[in-house]
Amino acid sequence: MKKILISALIFCLLLSSCSEFLDLKPYGRTIPKTADEFSALLHKHLGDIDYGTDAVIVGNASNVTAYACYADNLDASLTEKDFRKVLPNYIGTRINSFQGLYRNLYSRIRDCNIIINRITEADKSTSKGQEVLATAYTMRAICYYSLIQHYCEPFEKGSSNDQLGVPLVESFDMEARPLRTGLQNVINFVIDDLKKAIDLNISKEEYRFTVDVSKAYLARMYFWAEDWTNAIAVSKEILSKHPLISGEAYVTMLTDRYNKKGNVLLRSYIFPGTSDLSYESVESQIKHRPASKDFVDLFVEKEADIRYELSFNSVRQNQKNPCARVRSAEFCLIIAESYAHLGGKDAESLEWLNKLRENRISPFVPYTMFNLPKVDPDYIIKKDAEDKNLTSLMYAIITERQKELYMEKDRFFELKRNGRPTFWVGANGLKYVMEKFLYTTPLPKSDIDIVNGLKQNKGY
Amino acid sequence: MQKTLKLFVLLCLQMCLVTSISYADNTQKSISLSLRNESLTKVLSEIRKQSGLSFIFNEKATDKVNNISINVNNVTYREALDKCLRGTSLSYKVENSIIVIFSKKIKKEPEKEKFIRGVVVDESGEPLPGVAVVIPEKMFGVSTDIDGKFEVKVSSSVKLIEFSFVGMQTLQLPVSKDFSDMRVVMKMKVGELDDVVVTGYTQTTRRKITGSVAVVNRVAFENKSIPTVDRLLQGQVAGVSTVSSGRPGESAKIRIRGTNTLTGNAEPLWVIDGVALQKDIPSIATSQIKAGDFNNIFQTGVGGVNPNDIESVTVLKDASATAIYGSRAAGGVIVVTTKKGKVGEMSVNYSSNISVTLKPQRSARLMNSAEKLSWEQELWNEFSAEEYEQWNSASKEDKKNYYFPIIGITGMVRAGKEQFEGMSKEEQDRYLNDLSNNSTDWFDELFRNSVSQSHYLSVSGGKGNYNYYVSGGYSDNYGLVKNTDYSRYNFNGKINIRPLDNISLGFIFDMAKQTSNGPSMSVNPFEYAYFANPYEKLYNSDGSYASDNTYFNLKRVNGGYDVPQPENGFNIMREMNETSSRADNMSTNLKFNLTYHLTEKLQFSGLVSYSFTNNETENVNGKQSYAAYKDRLPFEKTRSKRTYGSITQSAANNSSYSARGQFIYNDNLNEDNKYSFLVGTEIRGQKAESIYTKRYGYDPVTGNSSIPIPVKTGDKIDYTQLKAYADMVDGLSGQAITEDRFASFYSSLDYHLMDKYVASFSFRTDGSNNFGSNQQFNPTWSVGTAWHILSEPFMEKLTDVLSTLTIRLATGYTGNINKSIYPQLMMYYDPSFRKTDLETYRMGSIRNAPNPNLRWEKTMDYKASISYGFLDNRISGVIESYYRRSIDVVTNVTVPTSTGFSSQSFNTSEIENKGIEFSINAQLYKSDDLRINSSVNFAYNQNKLLKYDSPTGAYGYNYEGYPLGSVFGGKVIGIDPETGIYKFKLRSDAVINRKAELKNTNNYLFYLGTSTAPYTGGFSFNASYKSFTLNIGGSYSIGANIIDDLRSPVSYQTIEKGTGNTQSQYESIPTKYNDIFVSHLNVRKDVVDRWINADHTGKYPRLINYFGDKLFLDSYNPTYSSVTRGALLENVSYLKVNNISLSYSVPADYLERYHISSLGFNFSVSNLFTFTNFSGIDPENPGANYPTTRSISFGVNVGF
């Protein structure tokens, strides 16, 4: 009996040493637990932004070009024959690709969730832990901001609680089958994340999403959610730290293919790399679709406006680097527009609008309420964000923004924010109509199929 | 020493065995007899029954004693024997538990005596213990000891000695004088099926087995012109489907009883001399190095084993046989046992084989120059000429409004493209006429009749307590494609020693070096040979490489933007000569095994093995090659013309080990109840490392390289460019490591009741480091029974006709680890880093959705079989049927993308494999001079995906209720005489209300068959007349359907690539037969037989110019390839005569005086006939692949 007991004991020991024998760490992969390991997940995405291979969070050249093709700054009907195959006629041609964008945004959110949920308390007190956490918060917020911009209808004051948001995933859970929450919920979530990131106050440039970038997206979110007062406050903070620049500095800021210069807070292409070839080919392709005459005509000051020659040449071929950037001018325009919406603040609005124009146009004549250009009755945007008819001031702000942020992945969302105008493109003898519903892109079909009760956007 | 060893083993026993073992005692008083006037034979058999002891006696002598009366109760056998032999002339003695009854007289006759000593072995040289060695004249005998040795002292008058043993032919040999080392080889009884079966863990006999096991013996592997084991297995065993490629050294794809996994590995497990093969090499993923840069030919299969070294191959097919191998055995197990030395004089064997492999015999039926040019002219006239004339006469501004396709050299000449600009009509005609006079048969240019040879030398022998076997082999195989070859060197050494009576040790050392050489081409030579235009040529008149004018330029001549060509153009022969890919594999295995008989019944055996594999590859792209031009550094702009070569080298090594220890306990409870019990534990592990490097600017003369730098644009160095350059350099080298470990426990129990009923049970559990702790161990088990019906008394009458009849039933449960997935959230580090101005960071990504509930894939297996034999087993075989249901099969399931993943691996699917296997071996004729044997095997496997959880119902081409590898598509009714395109059958459930529904894919989809042949098998015919032997072997595969995807490298899509948004303006092209642009390169002769109009229909449908006027046929006809692929359906059934060989062995009488023990010659032809309806070259390897082709070989073998 004793023998058996001893044998059994030894047998158990063997088994336990066996599990030790099997407890082998794999090479080249790990179950991430530490801040250092988590940072690898972030660096993957940050690296993509640095090298222009990111088409999800910030956007690269072909991404920016595609959005330019969906909007009205270029004249799709005048595309050269051979390039019809390359450049989309309108968003409808590529509408399916937005299923992929949705997937990609949620995969970025997943990485952020894993970090935010699993980072240890101990790591949270280290500077590395804070950097990782803040970056994850900002990245998650940016992804949700992008989801709102694409997959939700434009914000409507008063009904935003009932407007369809997107599924709000706060933690990594393979079993979760979340439905779309109210739009306002998602907006609040984004604001909350950004505030958490701002509280962590990281400034290490390597992480790209510094406290200033978090603020910039906070301002963008407030602006999209028509929270004009807060949009103004945050935008002013940004502008005070990163003032507008003009002249040669402005030109280099926009023409430098890589390097973050001037008041650019965030951009893709920090370094050249494998995506260079596609950058170049996109630049050459887009030359085969001229800028629309209406857009060119908006530059009434012609060469006196530094942006005129920066944007296109005499035959309306694009000259500007297609590059997604977050930079101060946008916030100056946010302030101007927000004041205009607030009512009774036209003077402030004009002041900020002139501030931008002053940096771009020389010789410069400031706008006053009396010399503002008349609203062009043919202008594509008829209603502003609050669904009001365009005032001269609003018209001036919107067109100013159109000129300033041309080829920076902005115009498509501007159209969406301001009444979702319909327009059409003629190609191959067919008429491609940019319908209102197309501004809100479809959720992946597979998600609608799998998740009970998940609603698809109208029109799909 | 012996004591220490004993102590150690006992200690081990104590550690691992919790069960206590009781010893049966033969001296116990258990005999009770009450008999009157019985014959001694009867009395002895009664004692035998009660005691379980074995007796040796001469019935002639014992039958004479027939008046024994005995009445004893509970006495020992000795007491009983003493009593019944009292008063007779007989006595007894006990030798190795065998009681030998002998006549007393002999002992008393000492006058003249002689000693006969010797050893008795079986045909394979294994010593046979317990053989009765009897002197018939004197009714006296002994039995051989555990080493098969015996020693008898007999009077000098004795002339004969007889050897008998169960299952063996009784042997009578003359004796004349003293024999001190007589070597007796006993042969199996004719038709006796009870041969030894090696299962890797144990060695048993066919009669004791309950599982599905097939043994292929050495005859199938010796002196064959095919150098690899896996290819030689083709058609040998029912239910083992082998698809081999003609590429030298490439391993065949083997499936045993169907596929039972969707995403995991379905290959069988190879076990060589008891050790499972493990030689994984980590895969290398890097952006800078392309997949084709690594030659992975040696990473699978058993290419390193020389078939001549093989003693036998055992295929374990069902769970009952494989469960003891645990999780790796889900795809079946192939156990290879190599030869070992035999006790006796040293014997030397040499064999050699030379064979010639012929170019592909089956013609591709392609056009020659004249035919192709006239075809191009026909297309030009029909689709281009008119528009061209208008274009020609149009003003410069208007020219862009005209469009005409340019097809082939005729199109280029007629349209005055590129070098043909400005040619007059006469010059054009002359040029084309010149071209038509020369036709290149690319199959002739690129392929060759290749010569292969093999040599094999073995030395073996042994004495007393040791034997040895040493062999060396060399074989080389020049491939069908020029510049490809394969060579292998083998060395194999084996020593078995028995230092003590109860210990035997074995050492095995083997080494194999394999080398494969070939060009490293970006263009598949088979594809090129098929599609290159016949009017293109290899060399210019000055002997320099001619540039192919058409292969790559369809897009360019038709106005597309194309990647430019190197200045010297493309030439396939330059590619073959100036690029190279070499793989070198060296593997060394060391094995040590020990068997220790602790007691007569308990035995410990241990096996330790270590193997080291080194795999080196080298890939060179010469400076002038197109491959080098295509593979330039990323900073080369499209306009850049400069070229430079590159070399990619990788070195990977894998070291693996395994160790196991097991106890085997054999006991006979009594005559009728026998059992053996095995328990063991095994650990194994492997570590593999690979490093790789690529060097651009490689100079083959010095072996060094000078990496190119971007062209200088100014004096300033751009920091960002510098960084990009550093990134690129980083990507040129790296390493990868994998390591895994397993620990297993296993046991088995065999029980035999009255030699009629067999029951067996086996169990194993494997733990791996692959899974999380909750799923770390996976149990597999099996139970089986066998019933030898003929041993039943009621069958006795049938034994005249029937010689074997056994029913076997077995079931079991096996598991499979799907290595591609992890249950945990696993982050994979990127091979590259994120580099910023200041620092370098690791990057990681989560590739797969984790699934903590992930389990092993499990297969429940049931089988029933009948082994039969008639007329002394002159006709014998097995009929088996099986049912295997695999559950928890891992597939990817679509999940909501809000989880961050689009799919997740789940144990959701179920696969069913059921089938029947049938084999028959017949000895058709047998006389002293002539023997004719034949065998046929047949297997039917039905594979079905039972459950497939996918919300969309389909994943790839897998549909629930259909086999894996199903082919779906439209059913062709014929060519519509009105439209000229294929008409497809509408489904009966199709509802057509609108025109658009006429083109809806779902209204046309049918199940068209499976690409995995359900019926497979093989046959062989063997006739020997005197010293001549004729052998014919073949295999067949019936019922597989494939979509003939031999797609031309050019099509309308070549011109259109990268689009997708303007399709509606062009006419859809339903199949490749409709596309005019395919004719830019070579096509089959018969394509001219096509639909032209309703009155002129043909074999092929109408031709459509994708860019021409829209026909609107696609608005009411299905045009998606998922339907139209049905038009390309081909049946790839075939019957192949794999081998016909004739051999002659020189009669021994002639050889004796030259001290040669054997001399034989053989002549064989491989792949002589293939019967198939398939239109391509090789039905076994459809597509542009390396085909298996005919070869003729001559061999000689000699033994000393």
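The model is predicted, with local features needing pLDDT of at least 70 and side-chain atom pairs counting only at pLDDT 80 or more, while totals for chains, interfaces and linings use all residues. Residues are numbered from 1 along each chain as its sequence is written, chains are lettered from A in the order in which they are written, and side-chain values use heavy atoms, without hydrogens and water.

Chain B contains 19 helices and 55 strands (DSSP runs numbered from the N terminus, H or I of at least four residues for helices and E of at least two for strands). Its C-alpha trace spans about 135 × 70 × 70 Å along the principal axes. The radius of gyration of chain B, taken over C-alpha atoms, is 36 Å, close to the 33 Å from the globule rule for 1200 residues, so the chain is as compact as a globular protein of that length. The rule is 2.2 Å times the number of residues to the power 0.38. Of the 1200 residues in chain B, 53% are buried (under 20% relative accessible area; exposed is over 50% and partly exposed in between, with a 1.4 Å probe and protein chains only).

In helix α4 of chain B (residues 77-85), the buried residues are B:Tyr77, B:Ala80, B:Leu81, B:Cys84 and B:Leu85. Seen down the axis of α4(B), these residues fall within an arc of 115°, so they line one face of the helix; the arc is that of the directions from the helix axis to the C-beta atoms. B:Gly87 follows α4(B) and has a positive phi, near 85°.

Over all chains, the structure holds 73 aromatic pairs (rings of Phe, Tyr and Trp, the last by its six-membered ring, with centres within 6.5 Å; planes under 30 degrees apart are stacked, over 60 edge-to-face and the rest tilted). A:Tyr308 and A:Phe312 form an edge-to-face pair, 5.4 Å centre to centre with 80° between the planes. A:Tyr308 is buried at 14% relative accessible area, and A:Phe312 is buried at 3%. B:Phe1028 and B:Tyr1144 form a tilted pair, with 4.6 Å between centres and 40° between planes. This pair links strand β50 to strand β53 of chain B, its residues being 116 apart.

The charged end of A:Arg110 sits over the ring of B:Phe901, 4.1 Å from its centre (CZ of Arg or NZ of Lys within 6 Å of the ring centre and within 35 degrees of the ring normal). In chain B, the charged end of B:Arg632 sits over the ring of B:Tyr629, 4.2 Å from its centre.
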